[in-house]
Amino acid sequence: MIATAAISLGGCATKVTNSDARFQDFPEYTGNDLEVTVDDNQTRFALWSPEAQAVRVNLYDSDQGGAPYSTIDMTEDTDGVWRVTVPQQLYGKFYTFNVKVDGKWLDETPGIWAKAVGTNGERAAIIDFSLTNPEGWENDKGPQVNAITDAVIYEMHHRDFSIHPSSGIQNKGKFLALTESGTSNSDGFATGIDHLKELGVTHVHILPSYDYNSVDESKLDSAQYNWGYDPFNYNAPEGSYSTNPADPAVRIREMKEMVKSLHDAGIGVIMDVVYNHTANNDDSNFSLTVPGYFYRHRDDGSYSDASGCGNETASERSMMQDYIVNSVKYWADEYHIDGFRFDLMAIHDIETMNRVAKELKELNPNIIIYGEGWTAGDSPLQVEQRALKENVSKMQGIAVFSDDIRDAIKGHYTDATDRGFATGKEGLEETVKIGIVGATAHPQVDYSKGNNSKFAYAADPTMVINYVSCHDDLTLTDKLAKSMPDASAHDRQRAARLAQTIVFTSQGTPFMFAGEEVYRDKKGVHNSYKSPDSINAIDWSLKSVNNDQYNYYRELIKLRRNHPAFRLTTADDVARHLVFDDESIPGFIRYSLIDNAGGDVWKEIIVMFNGSDKPVSTIVPQAQWTVVANDGNLRADGLGISNGGNIVVAPMSATILARE
Ligand code: CA
C-alpha cells in the first residue's frame, strides 16, 4: 500500500482516443543516448516522442526563474527520436524540452531521463558525472548476498532516522546523516550508522529517494515531510535530502557518499521505487513527452487508477518496460544500489519484472528484488499478467511481502483493535504456519485454513518477505497499544518480542521498520505520509529507555545470522527439515528444525510460540538443550541449559531450545 490520499487526483483532461491499442504501433528506440550527451566539443540532445509535430530544447543559465537564453528546434530522426546538437560543452547549464502535439505546444519538461536536476526538479542540468564520485568510489562495493534469505532488511525514511535532536547527528534529515560515525544519544548509546552496525542489519531499505514532488525544495527551512510516493524525476535524487537542492551535483554526490558509507560498514542499500504511477497526470514528465503512451486508460479515455493515486503506468508497452528496466539498472550502476523494493508491484506485468530481475542480476548477482504483490485498485491489466503475490512463482529472483504472516501475527491492518496470534487471538495458528514455512508447500500445513492465501504461492522461501509492520499502517507499538489497551507497557513489549521472534525465525527474508528495535511509535497515526516530525521522527532517547527491548532485537538478529537453519533456500529443505508438533493447543505453535538444517551446527532447534495469556506445558526429549529464548528473554549464545522433560512456555513469549 501507499498513501492513497497523498496526491490530488487531478483533471483527466486528455481523452485518449481509439483505445490504448494504437500505442503498440509506436516505434521503439533502444539507444542509450536519450536526453543529453556531452562530448569533447559538443552537447547532443535527444528525445523520444513519435507523435510530436515539433520539439524544441530551452537552454537556461539557472535552475529556476528567468527566460531561456536560447531555444533551439530539434529535428525528427528515425524511431520517433528528435535530435539537436549544440557545438559546445554545456556543463553548468540547465534545459527543458517542449513538445508540440495536435497543433499545441505542451508545457516545459526536463524529460523523462533527466539524471541531474535543480531545485524542485523543474529543469534538468548538464553536469560532469565523473566529478560527483566520492573518493574511492571506483572500488566501492555492496555486500555479497548468497541468497536473499541471508538479508536482514531495515526500512527507513531519511528524516525519521536522523531529524530528532536526540540523534546527535549534524546533517539531520539528509543523505549525509548516514555518513556520520561516532554519534550517540545523550546517554551515550550509538545512533546513526553506528547503531545500524551494532544492530546487525545487512541492508537498509530507504523510502523513496528519487526526486519526488511534494516537498518544496526551495523552502527547506519550513516544516515539511513526505514519504515520497509521488514520483517526479525517476533518475535523479530527491533534493530535500541534499544540503543544496539548487546545485544539481550536490544531491548526486551526497547520495553516493551515503551509499559508500553504508557499504564501508558492510551494509547494502535498497531503494524503494515507485514506477507504478506518477505524482501528476497530464503534467507529468511522461505526459509532457509522449501524451498517453506511458499510462493505462479506461474505455472512456480517462486514466485508470490501480495505484489509488490518480493514474497507473503501462509496463506492458515496450518503451515503458524499457524505461523501468533501464532506470533500475542506472541506479545500480551509477549509484551502486544493492536492491529494489517495488511499490504496488502488481501494477507491473510479470514479463517486465522478470526482465528487471534478469538484467539486474547480470549487472550484479548480489542485487535483491522484492515488492508489494498487490495493487491498490483494479487495473485493465489481466490478473494472470500481474506481478501479484499469487503469481510470484512465475517470476525468477523476485520476492513478495507476506501479508499472511503480518496480519496473522498482529491482527488485521485495517482494524486497529483486532488482535493476532502474538496478542492472544486464537484460530490464526495455521496462517502463522504458512508464514513460518515461507508460503511454500509443506505436508503439515493446511492452506485451506489460511486467512489470506489459500495455496502455497511461493515455490521457494526465497520468494517471501516476512514482516509484522512497515511505514504503512500503525507501527507495531501503536498497534499493540490499540489492540491491547488494558495490558501493561511491559506486556505489550513482550508481545512485540514474540511478534518479531516469529518473523526472524521464519523461513523467508525478515524485514523490520526502523526504530521498532527501540520501541518507537507514531502516536497512533496510521497514515503518516505527510505528518510532522513530531509524529514520524524516531526519538533516540528511547534506546536508553527501552534498552532491554533493543538488546532483544539485536540478539534475535544475531541468532538468525548465526544459524542457517532459519534461512533455508528451497521448499524441499523446508519440508524435510521443519517439522511441526502434532499436539494442537490453541494459541500455541511448536516446531523443530532437524538434522542440522541448512548445515547448521545445531542438530535440532525446537521453536515454541505461546500467543496466549496462559502458560503452556509441553514435553521436550531428555537431552542437554541450550536455552536460546525463554519468558521474554533471548540470547543467541544461550541463556542457560535445560535437560528437557516438562517445559513451561510462558504467556506471550517464545521458547527456543537447541542442541548440537
Ligand atoms: Ca523533489
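This is a predicted model: local features need pLDDT of at least 70, side-chain atom pairs count only at pLDDT 80 or more; totals for chains, interfaces and linings use all residues.
1. The largest cavity has a volume of about 80 Å³, and the second largest cavity holds about 40 Å³ of space. These values can be kept in mind when reading the next two points, which take the two cavities in turn.

2. The largest cavity is lined by 16 residues, and those that lie nearest its centre are Ile112, Phe232, Asn233, Tyr234 and Asn285. By class, the lining of the largest cavity divides into 9 nonpolar and 7 polar residues, with no charged residue.

3. The second largest cavity, with about 40 Å³ of space, is lined by 10 residues, of which Arg341, Glu372, Phe401, Tyr467 and Cys470 are the closest to its centre. Here the lining of the second largest cavity divides into 6 nonpolar and 4 charged residues, with no polar residue. A reader comparing the linings may wish to set this beside the largest cavity, where there is no charged residue but there are 7 polar ones.

4. The largest pocket has a volume of about 870 Å³. Its lining is made up of 37 residues, and Asn32, Leu34, Trp113, Lys115 and Tyr330 are those that lie nearest the centre of the pocket. The elements that give two or more residues to this lining are strand S1 (35–38), strand S2 (43–48), strand S9 (124–125) and helix H5 (318–334).

5. Which element gives the most to the lining of the largest pocket? That element is H5, with 8 residues. Taken by class, the lining of the largest pocket has 23 nonpolar residues, together with 7 polar and 7 charged ones.

6. Besides lining the largest pocket, H5 also packs with helix H6 (residues 350–363), at an angle of about 25 degrees and with the two axes 9 Å apart. Angles under 35 degrees count as roughly parallel, and H5 and H6 are therefore roughly parallel to each other. Their crossing is right-handed. On the H5 side the residues in contact are Gln321, Asp322, Ile324, Val325, Val328, Lys329, Ala332 and Asp333, and these meet Glu351, Thr352, Arg355, Val356, Glu359, Leu360 and Leu363 in H6. By class, this contact of H5 with H6 has 7 nonpolar, 2 polar and 6 charged residues.

7. Helix H9 (residues 476–483) packs with helix H10 (residues 489–505) at an angle of about 125 degrees, the axes being 10 Å apart. That angle makes H9 oblique to H10, and H9 passes H10 in a right-handed crossing. From H9, the residues Leu476, Leu480 and Ala481 meet Arg492, Ala495, Ala496, Ala499 and Gln500 in H10. The residues of this contact of H9 with H10 divide into 6 nonpolar, 1 polar and 1 charged.

8. H10 also packs with helix H13 (residues 547–562), at an angle of about 15 degrees and with their axes 10 Å apart. This makes H10 roughly parallel to H13, and the crossing in which H10 passes H13 is right-handed. The residues of H10 in this contact are Gln493, Ala496, Arg497, Gln500, Thr501, Val503, Phe504 and Thr505, which meet Asp548, Gln549, Tyr552, Tyr553, Leu556, Ile557, Leu559 and Arg560 in H13. By class, the contact of H10 with H13 has 8 nonpolar, 5 polar and 3 charged residues.

9. A last point concerns Asp61, which lies in the loop between strand S3 (54–60) and strand S4 (70–73). Leaving aside residues up to four places away in sequence, Asp61 touches Tyr69, Gly92, Lys93 and Phe94. Asp61 and Phe94 are 33 residues apart in sequence, and their C-alpha atoms are 6.1 Å apart in space.

Terms used. Residues are numbered from 1 along each chain as its sequence is written. Side-chain values use heavy atoms; hydrogens and water are left out. On a 1 Å grid over the protein atoms alone, a cavity is a set of points where a 1.4 Å probe fits but cannot get out, and a pocket is an open set with protein on both sides within 12 Å along at least five of seven lines; lining residues have an atom within 4 Å of a point. Grid points are joined across faces, edges and corners, and a volume is the space filled by probe spheres set on the points. Helices (H or I, at least four residues) and strands (E, at least two) are DSSP runs, numbered from the N terminus. Ala, Val, Leu, Ile, Met, Phe, Trp, Tyr, Cys and Pro count as nonpolar, Asp, Glu, Lys and Arg as charged, and the others, Gly among them, as polar. Axes are lines fitted to C-alpha atoms, for helices over the stretch in contact, and angles run from 0 to 180 degrees between N-to-C directions. Angles under 35 degrees count as roughly parallel, over 145 as roughly antiparallel, 65 to 115 as roughly perpendicular and the rest as oblique. A crossing is left-handed if the near helix is turned anticlockwise from the far one by less than a right angle, and right-handed if clockwise. Contact means heavy atoms within 4.5 Å.
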